[in-house]
Amino acid sequence: MKAAILFGHGARDSRWREPFDQLIQLWRDQQPQTLVELAFLEMMQPSLEAAVESLVQKGVKDIVVIPVFFGQGGHLRNDFPVLLEQCRQRFPAIQLSATSAVGESPAVLQAIINFGIAAL
């Protein structure tokens, strides 16, 4: 079974999380056959490790982590690979991979342009 983890930075203000909760609900509504969890780098729960563990407990064997970041800053270049490797060490029987930051996708960039054009 394959699943996804939407991985965000996290913030002290709980309202920052609201779009992530909306995003995961949209995913679940549109792709009910694919398990998905949220995870955060810091200041919010669950952690990446906790999200992986939750999916493993549900029988998932293949997990793709999708960083919901605009670009490859220091956290994605430095901290994220360490966290991902820690999860690989803890769950060696699980195939664990990651995509690039969502903000690097031409489709996401185009959606931002479309949003801006619609606001004019």
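Visitor: Where is Leu 109 found?
Guide: Leu 109 sits in helix H4, residues 106-119. Helices (H or I, at least four residues) and strands (E, at least two) are DSSP runs, numbered from the N terminus.

Visitor: What kind of model is this?
Guide: This is a predicted model, where local features need pLDDT of at least 70, side-chain atom pairs count only at pLDDT 80 or more, and totals for chains, interfaces and linings use all residues. Residues are numbered from 1 along each chain as its sequence is written, and side-chain values use heavy atoms, with hydrogens and water left out.

Visitor: Which residues form a nonpolar patch on the surface?
Guide: Phe 70, Leu 109 and Ile 112. Together they have about 300 Å² of accessible area. Such areas come from the Shrake-Rupley method with a 1.4 Å probe, and for residues only the protein chains shown count as cover. Patches are made of residues with over 30% relative accessible area and no salt bridge; like charges are joined within 9 Å, nonpolar side chains (Val, Leu, Ile, Met, Phe, Trp, Tyr) within 5 Å.

Visitor: How many salt bridges are there?
Guide: The structure has six. A salt bridge is a side-chain nitrogen of Lys or Arg within 4 Å of a carboxyl oxygen of Asp or Glu.

Visitor: What does Glu 37 form a salt bridge with?
Guide: Lys 58, with the closest N and O atoms 2.8 Å apart. Glu 37 lies in strand S2 and Lys 58 in the loop between helix H2 (48-57) and strand S3 (62-67), so the pair ties together parts 21 residues apart in sequence. Glu 37 is buried at 14% relative accessibility. Lys 58 is partly exposed, at 43%.

Visitor: And Arg 90, what is its partner?
Guide: Arg 90 forms a salt bridge with Glu 53, the closest N and O atoms being 3.2 Å apart. Arg 90 is in helix H3 (residues 74-90) and Glu 53 in helix H2, so this pair joins parts 37 residues apart in sequence. Salt bridges that share partners bring Glu 49, Glu 53 and Arg 90 into one network.

Visitor: New topic. How does S1 pair with S2?
Guide: In the parallel sense, over six bridges. Two strands pair if DSSP finds at least two bridges between them. The chain goes from S1 through H1 to S2, and this β-α-β crossover is right-handed. That means that, with the strands pointing away from the viewer, the path from the first strand over the helix to the second runs clockwise.

Visitor: Why is S2 largely enclosed?
Guide: Five of its six residues are buried, so the rest of the structure largely encloses S2.

Visitor: How many aromatic pairs are there?
Guide: Five. Rings of Phe, Tyr and Trp (its six-membered ring) pair if their centres lie within 6.5 Å; planes under 30 degrees apart count as stacked, over 60 as edge-to-face and the rest as tilted. Trp 16 and Phe 40 have ring centres 6.1 Å apart and planes at 65°, so they are edge-to-face.

Visitor: Is Phe 40 buried or exposed?
Guide: Phe 40 is buried, with a relative accessible area of 2%. The rings of Phe 20 and Phe 40 have centres 5.7 Å apart and planes at 70°, so that pair is edge-to-face.

Conventions. Buried < 20%, exposed > 50% of the residue type's maximum accessible area, 1.4 Å probe, protein only.
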